[in-house]
Amino acid sequence: MSKRNTTSNKRKEPESPTESPKTKRKLPPRSPAWNVFTRLEKDENRCSCNYCGKIYSCNPATCGTSNMNTHMKKCKAYLDHVESDSQNVLVSSGGRTSGAGMIKPFDQNVCRQATVKMIIIDELPFSFVENDGFKHFCEMAVPWFTIPSRRTITRDAVGLYRAEKTALKTILSRNRQAMSRIISFSPIPDHKGETIANQFLRSLDDWGIEKVFSITLDNASANDKAITVLKERLSNRNSDALMMNGDFMHIRCCAHILNLIANEGLDDISKSIISVRNAVKYVRSSNSRLESFKRWVEVEKITRGSVVLDCVTRWNSTYLMLKSALKYKVAFDRMADMDKPYDAWFKELDSNGKKRKGPPMAIDWDKARHMVRFLKAFYDSTLAFSSSIKVTSNGCYNEICKIQSSVQSMAFSDDSDLRDMASSMKVKFDKYWEGTEKINKILIVAGVLDPRRKMVFTMFSFELIYGKGNPKCIEMKELVMGVLEKLFKIYSVRYANSNLQSSAARDCENVTQVHQDSESMEVDNIDDPFLKFMVAKKTSLEVVDELQKYLKDELHVTTENSLGLPFDLLDWWKTNSSKYPIMSLMAREILAVPVSSVASESAFSTGGRILDQYRSCLTPDMVEALVLTQDWLRAALRSEAMKSLDNLEEENKFLDSLEEEFNPPSPTEKNTIP
């Protein structure tokens, strides 16, 4: 091979020294800093900021763009531009805005207010915004958000409380919509009735509330004194401040009464229940015993789980303990036969020097089963009384009847322990809920205002409790109807006006027409005795007509809606307000009566979490602001969720109507009986 061929692949040297080499292709700048900086025309190794004009070196051989990137994080003019409306943030469909992938402009104030709401709703300390984790999150998610200090968050929290309070006062003054809100959370120096009444009146004055329908309290003696003082002072302030002179104002907490009744019966608990408790105590006393119990559960192929030990002073925990223990009865029986340490533990002496009761035998398990069946009615009623997100007054008397029926049936049990327990419970039941004298009749009237029940259910309950044909049934019916008619007459006079009376006036044919101006006046303001007599007569006829019309109309039959939501009682009265104008107003207030103080007492748990060891220096005013604002914000979130459900239900109804319109059933389907 020739020498020329061996060197043919080498780059050819320039033939003439005068020929210039090829120049490199210039690449465009790729750093995002060049969106903010521009090279100087006179010196390409230097550049200036487009927003503040500051000049930096940009020679790629010496410094690159690191100094430019550092300036971008500090340049106030550039950061203000980022925070302006020209900067947009993408909001996904999971947000509150309608539509998917909508563009929402970034707003520093909105993000700051959202941070305050997050701290209040989630009960976070004000110093949360200074934590490194939160700072890192904001830097990654919203790098242009200027994180406020904890002092700024504190001021914003107080400002939000004042703004929400003003807005809520406006709503309460203009709209008579039923709502549940905490409006006061204040300390009191002592628990005397006079002190409680004074604090209550101060809260009413602060919110401009002049009328009180009912007050739900527990059975402390100081509360009875407070109710007496409140009745006197409210009546002196305004003769119209109380309904029926406050005769039905005091509502005793039904959950608290139920707890007293159950504890009264469980004071002298039978040895069978103690035997089951000791068995559970053995299992829960050490990890090794619990693991041994779990092995027996697996051998018997029982659903995995565990037993819970009760608190001897809380009957509901005893119910849950018995319920869980019965589920593992077979495993306990195998332990009694095969587990020697289990059997030996019951032969030992307890802390009082007495032999432990147990292990539970077949008769003990049988008594425990009867006890669970009996206490289940109490447990379910407690849950019904304690609900805070729905109307509870309409079903209150139904739950009371269930408890009374359970106690009466248990009084005839073959087990002497159960009979004694039922006897003790009945004494406590009659103390608070005896039909003719003790029970607050408003609780029965609320059940009548349920269109699915009316007086039909009320009479059925009377006959179930007292026996069909018992004169007590007639006496109870007359008492309830008397209260119902008095309440209805008061509402018809108090809220009488041309708009409410127009529909009823068309149905009243035997009433002499009076001057149009007098129909819109209240009875007490009419000077002419004859006009006063005629308006009172007209009103009484309308009361009887509308009240009897409601009671005689057929019961409402609930149908399942498209979303499977439960029946909305307040919505039914709102829909039928034109048919029953006076009764709808009465139902709106009576059905709003809370039958339990559990919801309000939960505020003390919230206060305990807010005023923890890390925030023990908060003032009473700040604690009140946080507790109240949290309640209002959470209520707003629930309201928005319910509005979304209502809109979804309306949309489903519309789609169903379209489907029926375009796909009508065939003649054979119409004649088919399901």
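In this predicted model, helix α10 (residues 271–284) packs against helix α15 (residues 362–385) at an angle of about 100°, and their axes lie 9 Å apart; axes are lines fitted to C-alpha atoms, for helices over the stretch in contact, and angles run from 0 to 180 degrees between N-to-C directions. Helix α10 is therefore roughly perpendicular to α15, in a scheme where angles under 35 degrees count as roughly parallel, over 145 as roughly antiparallel, 65 to 115 as roughly perpendicular and the rest as oblique. On the α10 side the contact, meaning heavy atoms within 4.5 Å, is made by S272, I273, S275 and V276, and on the α15 side by D364, W365, K367, A368 and M371. Sorted by class, the contact of α10 with α15 holds five nonpolar, two polar and two charged residues, where Ala, Val, Leu, Ile, Met, Phe, Trp, Tyr, Cys and Pro count as nonpolar, Asp, Glu, Lys and Arg as charged, and the others, Gly among them, as polar.

Residues are numbered from 1 along each chain as its sequence is written. Because the model is predicted, local features need pLDDT of at least 70 and side-chain atom pairs count only at pLDDT 80 or more, while totals for chains, interfaces and linings use all residues, and side-chain values use heavy atoms, with hydrogens and water left out.

Two further helix pairs can be described in the same terms. The axes of helix α13 (residues 329–338) and α14 (340–347) come within 6 Å and cross at roughly 85°, which means that α13 is roughly perpendicular to α14. In this contact F332, M335, A336 and M338 belong to α13, whereas K340, Y342 and D343 belong to α14, and the residues divide into five nonpolar, no polar and two charged. Helix α4 (108–121) and helix α6 (residues 150–174) pack at an angle of about 85°, with their axes 10 Å apart, so α4 is roughly perpendicular to α6. Here R112, Q113, T115, V116, K117, I119 and I120 of α4 meet T152, I153, D156, A157 and L160 of α6, and the contact of α4 with α6 has six nonpolar, three polar and three charged residues.

The chain as a whole contains 28 helices and seven strands, which are DSSP runs numbered from the N terminus (helices H or I, at least four residues; strands E, at least two). Of its 674 residues, 38% count as buried, a term that means under 20% relative accessible area, with exposed over 50% and partly exposed in between (1.4 Å probe, protein chains only). Among the contacts in the chain with a separation of 6 or more, 68% come from residues 24 or more positions apart.

Helix α16 (396–410) has 15 residues and reaches 21 Å from its first C-alpha to its last, close to the 21 Å expected at 1.5 Å a residue, the expected span being 1.5 Å times one less than the number of residues. Because 11 of the 15 residues of α16 are buried, this helix is largely enclosed by the rest of the structure. The buried residues of α16 are C396, Y397, N398, E399, I400, C401, I403, Q404, S406, V407 and M410, and what covers them includes α9 (254–266), α15, α17 (416–433), α18 (441–448) and α19 (454–466). In helix α7 (residues 193–207), the end C-alpha atoms are 22 Å apart, which agrees with the 21 Å that its 15 residues should span at 1.5 Å a residue. Buried residues in α7 are G193, T195, A197, Q199, L201, S203, L204 and W207, and α7 is followed by G208, whose phi is positive, near 70°.

Most residues other than glycine have a negative phi, and most peptide bonds are trans. E123, in the loop between α4 and α5 (132–141), has a positive phi near 55° and counts as buried at 17% relative accessibility. N245, in the loop between α8 (221–237) and β7 (250–252), has a positive phi near 60°, but N245 counts as exposed at 63% relative accessibility. The peptide bond from G358 to P359 is cis, with omega near 0°, and P359 lies in the loop between α14 and α15. In the loop between α15 and α16, S388 counts as partly exposed at 47% relative accessibility; the C-alpha atoms of S388 and V595, 207 residues apart along the chain, are separated by 10.0 Å.
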